[in-house]
Amino acid sequence: MLQTKVNRSWENAKQDTAQRMEAASRFIGNGKQVKHEDTVALLEAVIRPYDIVNIEGNNQKQADFLAECLNKVDRGKIHDLHMVQSAVPLKAHLDLFENGIAKKLDFAFGGPQAGRVAEFIRDGKLELGAIHTYLELFGRYFLDLTPKVSLICAYKADRKGNLYTGFNTEDTPTIVEATKFRQGIVIAQVNEIVDELPRVDIPADWIDAVIESPRPFFLEPLFTRDPALVTDTQILLGMMCLKGIYGPYGVKRLNHGIGFLSTAIELMLPTYGEELGLKGKICTHMILNPHPTMIPAIESGWVETIHCFGGELGMDEYVASRPDIFFTGPDGTLRSNRAFAQTAGHYALDMFIGGTLQIDKYGNSSTATANRVAGFGGAPNMGCDAKGRRHVTESWLKCGQELPNREAIQGDMPRGRRLVVQGVETFGEGRAPVFVDKLDAWKLAENANLDLPPVMIYGDDLTHIVTEEGIAYLSRCPDLESRMAAIRGVAGYTEIGLQAKPEETKRLREAGIIMTPEDLGIDRSRANRSLLAAKNMQDLVTWSGGLYNPPARFRNW
Amino acid sequence: MALNQLNFSIENASPTVALGEAFHLGVVGSGDLEMIIESKEQGGAVSFQILSPVTGFDDLWKRVADAFVRESGLGNAHIEINDNNATPAVVMLRLRQALAEATAR
C-alpha cells in the first residue's frame, strides 16, 4: 500500500506570527498598548510583502487611522499586499495602490472610491480579485482569503486589550475570528482606552495590539433620510407597494433598501398602512439598520423585531431604549452584526425592496455605471431567491405558487419564492432613463476587464417592478417574452416603454400581470406629503420622545 | 443659468374637457416645477411653453404632453411650465393635479 505521509512542520503559520510579533515587541506595552506614534513602525514589523491584509472598512465605521498609517510604511519593505475588505470608501484605501504598497483587491463595495477602482484597474495599478457580496467575502475569509494581518476598529479597549465595538460591531467579529484562528495578527484602533468596558465584544486574547487613535474613527450616517425630501411620486409608488404588494402577499419579514421609496413606505405605515388595515399583518420582522424614519412605525406598534447590519449615527439612545425591538446586550446597547443580518437577509426574508439606476429589457438591474467599479454590498444576497431555503412563510409560498406554468417547469413539486421588488421612477436623476436596452454594466465590464457585467439583481430573481405607471408582477409571467412585455408596460416614456403595444398591455392588465394605480383603486390625487407620519427631521425627534439625536447636518430646524 | 424655451402644440380635434379660469400650481424655486394652465381658444389644440434649465429632452416633453392631452381630453388650453429638472413622472402628476384643480373650480 502506497503511503505518502508528508514530512513537514504543522505550525508554520504560528511560528511566522511569533517571529513577526517578536520584531514588534518593542512597540507593545502593557495591555497590548502601542503609542499611536509607533503605529507605522509596528505595521512594518508585522506585515510582509504579498501578505493578505484586511483593513476594517465597513459600510459605516472605518479603521481610518490604521489605513493612513499603512500608507506611510516603507514600500521597499512592504509591497504587493493583497487587500481583502468589505468596502473601500476612503481615499487611503486606494492610495495604497497608488503608493505601490498594495497590488490586489478583493472587496464588496466601492462607494465614493469606485471611480478610482476602475481607473486603477485600467492603468494596471490594481489587480482585481473579484467583486463579492458581503457574505461571499466573509465566507472566503474562512476558505481561501484568510487575512494574515487585520487592522480593525473599536470604540473602546480596556487595560487588558478587550474591545467594545458596541452599536457599530458590524464586521469586526467576522474579521477577527477568521484572522486569529488561523494564527494571524489583529491590530485594533480604538477611540479611547478605559478601565472598564460596557461589555466585551472581542476578547483580549484574540487581539495583538491596541492603539488609541489620535481622533475618533470616521462614521458615516448612510441611512438617515430627511422626510422633508420625500416627493409626491415616491409617495405614489409607496402607496402602490403597500396596497399592491405588502398587503396582498402579507409580507412580514423584510429588508428595505436605502432609497427614498423605502423612506416613504416607512413613513406611511402609521397612516396609509393603518388605513388599509395592515397593522400586524406586514413589516413585523425586519433586517434593517436603525433607520430614523422607522421611528413612527415602531412607536405606533407595527414592529416586533429589527436586527441591524450596522448602527446609525444619532440612533443609539433611541435603540437602547427599545430593547424589545432591537438586539441589545446585557449592557443595554445595540450589537449590530453584518454577517448574521446578511444571513437572515439571504435566507429568511420574505421580501427585499430597493431601487436601482438601470433596469434592462429582461429585468436585470444594476447600479454600475461605465466608469465606476462600485459593487453591490449585500443587495444581491437579499435581492435573490435563495435556493437553499426550506422554511415556509405565507408570502413566500404565495409568490412561489403564482408562476402559471410551474408544473411544466418544475413538475409537481410545490415551491416558494422570495419577493424581490425594484421601485423606480421611469426616469431618474437628470432625466436619465432607468429602463434601458443594455445596462451600462456591459461598458464597465469592458472598461475594467471584468469577466462579467456586474449585475445587482438578475432578471430571473426579480418578481416585481413598481413605477409611476403601475406594478409589473413578473412572478406571474410564464416566459421571458411575457416578462419583457410586462416590463415595457410599466416603463413609461423611455425608449423601452415606447415599444409597449397598447393591446398587449391591456391583456396583461386583464391577466393581473400589470396593475396601474387605478387598477389598484389608488387615487393619485392623494399622493402627497399629508400621508407622511413625519414630515421633517424635527417630527422624527418628537416621535422618539427626544431620544433620537440627528447628526448636525440633519439639524435643519 | 440660461433657460431654454420650448414651444409646441398638441392638436385635439374633439376636446371633451375645457377650462374655466387660469390656474397656477407649484413654485419653481423650492419645488420640481411651476405650472400655469389657462383657457385659450385655438381650434382644439393645447399649446405648451416650457422653460427648462436643461436641453435635449424635447421629444420627451412632447411624449408626455401628448399622452396627457390624449388621456385627459383637454382642448383649447395653454400650459406654461417653468421646469426645475422634474422627471416625466412628476410632470404628469402635476399636469393631472393642475387639471383636476382647474376643472373643479
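A:Cys283 counts as buried, because 26 C-beta neighbours lie inside 10 Å. Buried has a cut-off here: 20 or more other C-beta atoms within 10 Å of a residue's own, while 12 or fewer is exposed, in between is partly exposed, and the C-beta atoms are placed from the backbone. A:Cys283 also has a positive phi, near 55°, and is not a glycine. In general, most residues other than glycine have a negative phi.

Some ground rules. This is a predicted model: local features need pLDDT of at least 70, side-chain atom pairs count only at pLDDT 80 or more, and totals for chains, interfaces and linings use all residues. Residues are numbered from 1 along each chain as its sequence is written, and chains are lettered from A and ligands numbered from 1 in the order in which they are written.

Where is A:Cys283 found? In the loop between helix 9 (260-275) and strand 11 (285-287) of chain A. Helices (H or I, at least four residues) and strands (E, at least two) are DSSP runs, numbered from the N terminus.

Now compare A:Tyr50. Its phi is near 70°, again positive in a residue other than glycine. A:Tyr50 sits in the loop between helix 2 (39-46) and strand 2 (52-55) of chain A. A:Tyr50 counts as partly exposed, because it has 14 C-beta neighbours inside 10 Å.

Back to helix 9 of chain A. It has 16 residues and reaches 21 Å from first C-alpha to last, close to the 22 Å expected at 1.5 Å a residue. That expected span is 1.5 Å times one less than the number of residues. Of the 16 residues, 13 are buried, so this helix is mostly covered. There is a kink of about 70° at A:Met268, shortly before the proline A:Pro270. The bend at a residue is the angle between axes fitted to the seven residues ending there and the seven starting there. Just after helix 9, A:Gly277 takes a positive phi of about 75°.

Next, the sheet. Eight strands of chain A form an open sheet in the order 12-11-10-13-16-18-19-20, with mixed pairing. Two strands pair if DSSP finds at least two bridges between them. Which strands stand at the edges? Strand 12 (305-307) and strand 20 (514-515) of chain A, each with a single partner strand, so one side of each has no neighbour in the sheet. Helix 8 (residues 232-249) of chain A packs on this sheet, and the strands it touches include strand 13 (351-354) and strand 16 (419-423). Strand 10 (residues 253-256) of chain A runs parallel to strand 11, joined by two bridges. A:Arg253 stands opposite A:His285 in strand 11.

Strand 6 (residues 149-157) and strand 8 (residues 185-193) of chain A pair over eight bridges. A:Ile152 has A:Ala188 as its bridge partner in strand 8. Four bridges then join strand 8 to strand 9 (residues 209-212) of chain A.

A look at one glycine. A:Gly521 is in the loop between strand 20 and helix 20 (537-543) of chain A. A:Gly521 is exposed, because 9 other C-beta atoms lie within 10 Å. Its C-alpha is 8.8 Å from that of A:Lys243, 278 residues apart along the chain.

Last, the partner chain. How many residues of chain A are in contact with chain B? There are 11, and they meet 12 residues of chain B. Contact means C-beta atoms, placed from the backbone, within 7 Å.

Definitions and conventions
Contact = placed C-beta atoms within 7 Å. Axes fitted to C-alpha atoms, helices over the stretch in contact; angles between N-to-C directions.
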